[in-house]
Amino acid sequence: MSALQPILRGLTRKCPACGQGKLFAGYLKLQGQCAHCGETFDHDRAADGPAWLTVLSLGPFFAPLIFLSAMTSGKAAYYIFPLLLIFMVSTALTLLAFMKGAWLGALWHMDQKKKSETP
Ligand SMILES: [Zn+2]
């Protein structure tokens with residue numbers, strides 16, 4: 001199996017092993033195990049990876065948006081900046097949930113690869 005498949009399964013918040021069961025019990029809390037295939041997700045090792053990936057993905061879009069808003073808004077900045085802040089925070093929090101799934105899919109793939117190489 002290529003690394004892309006478990007990453008894409010994780011990105012859709014599904015079990016990286018089978019792609020059928022749910023990976024998450026809540027917003028970012030993992031299931032104990034997959035209801036479909038029984039794969040265990042006993043410990044969450046994602047740490048700061050998903051947050052880092054989210055910032056890296058959105059930063060190139062948000063930085064010019066902030067710059068252009070600051071340069072062009074004038075007195076409308078009192079309205080634009082709070083709206084921009086709400087937009088950026090909600091976008092980042094939404095993307096974070098999917099990035100965590102993708103990150104865990106990549107970690108799962110590396111674990112499987114390590115298990116297959118160990119005699
Ligand atoms: Zn599964």
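This is a predicted model: local features need pLDDT of at least 70, side-chain atom pairs count only at pLDDT 80 or more; totals for chains, interfaces and linings use all residues.

Leaving aside neighbours within four places in sequence, which residues is F98 in contact with?

Author: Once you skip the neighbours within four places in sequence, F98 is in contact with G10, L11 and R13. F98 itself is found in helix α3, which covers residues 77-117. Its relative accessible area is 34%, so F98 counts as partly exposed, between the 20% and 50% cut-offs. For a sense of distance, take K75: F98 and K75 are 23 residues apart in sequence, and C-alpha to C-alpha they sit 36 Å apart in space.

Now for the core. The largest nonpolar core has ten residues, among them C15, C18, C34, A46, L104 and L107. C15 is buried, because its relative accessible area of 0% is under 20%. C34 is buried as well, because its 2% is also under that cut-off. As for cysteine pairing, the disulfide count comes to zero. L107, one of the core residues, touches R45 and A46, again not counting residues up to four places away in sequence.

R45 also takes us to the largest pocket, where R45 is one of the residues nearest the centre, along with T40, F41, W108 and D111. The pocket has a volume of about 250 Å³, and 15 residues line it. Split by class, that lining has seven nonpolar, three polar and five charged residues.

Conventions. Residues are numbered from 1 along each chain as its sequence is written. Side-chain values use heavy atoms; hydrogens and water are left out. A nonpolar core is a set of buried Ala, Val, Leu, Ile, Met, Phe, Trp, Tyr and Cys residues joined through side-chain atoms within 4.5 Å. Buried means under 20% relative accessible area, exposed over 50%, partly exposed in between (1.4 Å probe, protein chains only). Contact means heavy atoms within 4.5 Å. A disulfide is a pair of cysteine sulfur atoms within 2.5 Å. On a 1 Å grid over the protein atoms alone, a cavity is a set of points where a 1.4 Å probe fits but cannot get out, and a pocket is an open set with protein on both sides within 12 Å along at least five of seven lines; lining residues have an atom within 4 Å of a point. Grid points are joined across faces, edges and corners, and a volume is the space filled by probe spheres set on the points. Ala, Val, Leu, Ile, Met, Phe, Trp, Tyr, Cys and Pro count as nonpolar, Asp, Glu, Lys and Arg as charged, and the others, Gly among them, as polar. Helices (H or I, at least four residues) and strands (E, at least two) are DSSP runs, numbered from the N terminus.
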